[in-house]
Every structure is written in C-alpha cells, then in structure tokens.
Amino acid sequence: MEKLNVALIGTGFMGKAHSIATAVVPMLFGAPVEIERRVIVDVEEKLAKDAAKNYGFSEYSTNWREVVERPDIDIVDICTPNDTHAAIAIAAAKAGKHVMCEKPMAMSVAEAEEMLAAAKKTGVVTMVSYNYRHTPALQMAKRLIEEGRIGKLLTFRGYYLQDWGADPMAPLSWRFNKAKAGSGTLGDIGTHVIDAARLLVGEVDEVNSIVKTFVPERPLPAGHFFGQRGEASKEMGKVDVDDHALTMIKFTNGVFGTIEVTRNAYGHHNQLGFEIVGTRGTIAFDYQRLNELRVAFADDPKDAFGFRTIYSGPNQPYGDLLWPVAGMGQGYIDIKSIEWYNFLKAIAEKKPAAPNFEDGVQIERIAEAILASGESGAWEKVPR
Ligand code: SOE
C-alpha cells in the first residue's frame, strides 16, 4: 500500500484534534492508506517545536509555503485561522497535494470558489472539516431518512448554541474579527448546522434572517495570544461580526424550517442539534448527548408511543469499527477520526470525499445569503 506524508499547518485547538485523529485513525479503523505525520507547522517556532514533540510529528517548520511545495508531502491539513485557508489551500492544490481544510472553508464565496477551482485543476481530493456530520448518531438519522422510516420530510429545526461569547468582557478573540474570521457566529458554527441541513434534507433555496451583534465592543486580548481564553487588556476593540442569526429556510424540495445560531446563550456550551419531522415520525439529535438519537415512529404501538432513544453502538454507522457494546460512549476524537478515515478512504479509492470543496462553496453561498438577508430584511435566494 502506498504511504502518504501529512503536513499539518497550525498547532492550536484544531491542530491538536487533527494530530490525535491522524495518530489513532489506523488503530480504530485500519488505514485505508498508510500515512506518516511528517511535518507540523506554526509561525511561532516554539509552538511548532513543542507540537512536533508532543503530537508525534517527525519534523517541524515555521514556513508553510516551503512545506506545501515539498515533493515528499502528499496531504496538507489546514488548521489555521480562517484568513489563511485560501492561500494555503490554493498553494497546496497547485502543488498536487490532497487538502483537508478546517471550517469555514473561506472568508467569502469568491475565495471558496478560487480554492475549488485550484483543486479541480489538479484533481486532488479535498475535504472541509464539518466534523459533526460524521457523528454516528447523526449518520443514523441520515440512514433512517433515506430508508423512509419517518416518511416524507416536512420540517427541519436546527440550532447551534454556545455560550463562550456571552460574557461581554470575554476578550476579543480573532473569532470576533471580520478581517481574520470573515464572519462571526454564522461562519464559525452556523456553517456546521448548514452542513447538517444539506446532508439530511437537501439544498437550500431561500433564506430570511435576523442577524444581530449583541456585544459591539470587547476588551482586546492582553499579550500576543489572540484566543478566546486569553487574558483581557483594559483597552476595548470593536466587534465587527454577527453574534446571533435566526433564519427561516425554504429547501428546494419543499421542506421548510429554521436555523438558530449563537455564541451568546448562557448554559448552552456546544449544542448543535436538530429535529426533523416527517409524515411518519420525528428524529431529534443534540450533540451534547452525541451518543443518543431520539426517534418517534408513527407505527409504534399506541400504548408505548413517544420519543425513545437509540444509543450509538455497533449497529449504527461506523459503530462496528469502534466499540463492541452500545452505550460505551463515542466522543469528539472518535468523530474527528471518522472524518480522517473518510478522507483517507476517498484518497485510497480515488473518489471525491464528503463534504468536499464543492460542498464548502455551497455552504459559503448559504451563509452569505443569510448575512445579506440580515441586512435587507428580505428573503434572499441562494445561488447554485
Ligand atoms: C468555537 O466556536 C468552536 O471552536 C468552533 O470554531 C468549532 O467549529 C466548534 O466545533 C467548537 O467551537
């Protein structure tokens, strides 16, 4: 089997998650292709050096441009802030490397389209890290829908609620800065639930949204650390992105629904979820209970009718490859590993991965239409 060398760019939270996933993917699933974690990159030498040691990469570098050109690199894994995704992905695709890119794919639709064009030119395999779609319970929801177990779909009610932005004195992380992040809550977490909506229901035709910024100013971070946990300084800075977006959606297949996303809802830490109602049943998922899929089927006996819970295990998607007993518990790293398994399998089979850069572009289009509707107050068509 051919062996592919991985270069991971970025050593923050996502760099750590991808490092663990790439290390454990062969142990969990067997490697669809053998990989070597060859080089890890950070612009700060100490971070790069420490990460190479702690995360088990053979080498480190501070220069991603040099690394993505190297003939011994086959896969480029982009785990940097949003404003760098396009430059790295385009350079990597031009150099013929397969690209895994953290979400959101880009700062704008135009940028995402350029990334897609570059990847199409060389035919490399791409994936955007909308990791939650790989959760076995969510994949089980997809299976039930495809098998018609809840009938014809009627409505979709999706949400992604967090609370790390609720405190107005939480420092102004790069995620509140348009120049670094492109957009706010919508790009950061809204795109995950948009991905789930496309996967489970279908393409989005039109959106109508209320988009708000609740905290227009925050303390600038003290020191060089520009992250959400950093120390705050006394100086304030302007927040120029969205905090909250509430959207009505019309899907092209006639299903309608809503999506609400916020980082300002105290008590909701990382709550991505949805309810999908069909003519023969309802499915409900909430990531904070990621091992559970709640279902209600119209055909269940009347005296036992109501929501019941399927606990993820060997009978659900990917479960047979994970742990042998239902309810043992799957977690964030299991999901990141499934994501990498799917990416490597696509490379091995020379097929497109999912979600790929084409999906990423369409998600950017939906996000941009939501922001446009927030401005115009009108229904906005999503271009295809
Ligand atoms: C912050 O909102 C964040 O780290 C997102 O950027 C991730 O996509 C999400 O998975 C967890 O929260």
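Predicted model: local features only at pLDDT ≥ 70, side-chain atom pairs only at ≥ 80, totals over all residues.
In one of them, 6 strands are arranged in the order E3-E2-E1-E4-E5-E6, and the pairing is parallel. Its edges are formed by strand E3 (59–61) and strand E6 (126–128); each has a single partner strand, so one side of each has no neighbour in the sheet. From one strand to the next, the twist averages 20 degrees. Strand E5 (residues 98–101) runs parallel to E6 and is joined to E6 by 3 bridges. Within this part of the sheet, Val99 stands opposite Thr126 of E6. Helix H2 (residues 45–55) packs on the sheet, where H2 touches strand E2 (34–41) and E3. The direction of H2 makes about 155 degrees with that of E3.

The other open sheet consists of 9 strands in the order E16-E15-E14-E13-E7-E12-E11-E8-E17, with mixed pairing. Strand E16 (308–311) and strand E17 (380–381) are the edge strands; since each pairs with a single strand, one side of each is left without a neighbour in the sheet. Strand E15 (residues 292–297) and E16 run antiparallel and are joined by 4 bridges. Arg294 has Thr309 of E16 as its bridge partner. Helix H10 (residues 357–376) packs on this sheet and touches strand E8 (204–212), strand E11 (244–251) and E17. Between the directions of H10 and E8 the angle is about 50 degrees.

H10 also takes part in a helix pair. The axes of helix H5 (residues 109–122) and H10 come within 9 Å and cross at roughly 170 degrees. With angles over 145 degrees counted as roughly antiparallel, H5 and H10 are therefore roughly antiparallel to each other. On the H5 side the contact is made by Val109, Ala112, Glu113, Met115, Leu116 and Ala119. These residues meet Phe357, Glu358, Gly360, Val361, Glu364, Arg365 and Glu368 in H10. By class, the contact of H5 with H10 has 7 nonpolar, 1 polar and 5 charged residues.

A second pair is formed by helix H1 (residues 13–29) and helix H9 (residues 332–349), which pack at an angle of about 70 degrees with their axes 8 Å apart. Angles of 65 to 115 degrees count as roughly perpendicular, and H1 and H9 are therefore roughly perpendicular to each other. H1 contributes Ala17, His18, Ile20, Ala21, Thr22, Val24, Val25, Leu28 and Phe29 to the contact. H9 contributes Ile333, Lys336, Ser337, Glu339, Trp340, Tyr341 and Leu344. The contact of H1 with H9 has 11 nonpolar, 3 polar and 2 charged residues.

Pro104 lies in the loop between E5 and H5.

Another cis peptide bond runs from Ala354 to Pro355, with omega near 0 degrees. Pro355 is placed in the loop between H9 and H10. Lys350 is likewise found in the loop between H9 and H10. Although Lys350 is not a glycine, its phi is positive, at about 55 degrees. Lys350 counts as exposed because 8 C-beta neighbours lie inside 10 Å, where 12 or fewer is the limit for that class.

Tyr318, a residue other than glycine, also has a positive phi, near 65 degrees. Tyr318 is located in the loop between E16 and H9. Tyr318 has 22 C-beta neighbours inside 10 Å and therefore counts as buried, the threshold being 20 or more.

Gly151 is situated in the loop between helix H6 (136–146) and strand E7 (153–162). With 15 other C-beta atoms within 10 Å, Gly151 is partly exposed. Leaving aside residues up to four places away in sequence, Gly151 touches Gly278, Thr279, Arg280 and Gly281. Gly151 and Arg280 are 129 residues apart in sequence, whereas their C-alpha atoms are 4.6 Å apart in space.

Conventions. Residues numbered from 1 in each chain as written. Axes fitted to C-alpha atoms, helices over the stretch in contact; angles between N-to-C directions. Helix = DSSP H or I, 4+ residues; strand = E, 2+ residues; numbered from the N terminus. Parallel < 35°, antiparallel > 145°, perpendicular 65-115°, else oblique. Contact = placed C-beta atoms within 7 Å. Nonpolar A, V, L, I, M, F, W, Y, C, P; charged D, E, K, R; others polar. Pairing = 2+ DSSP bridges.
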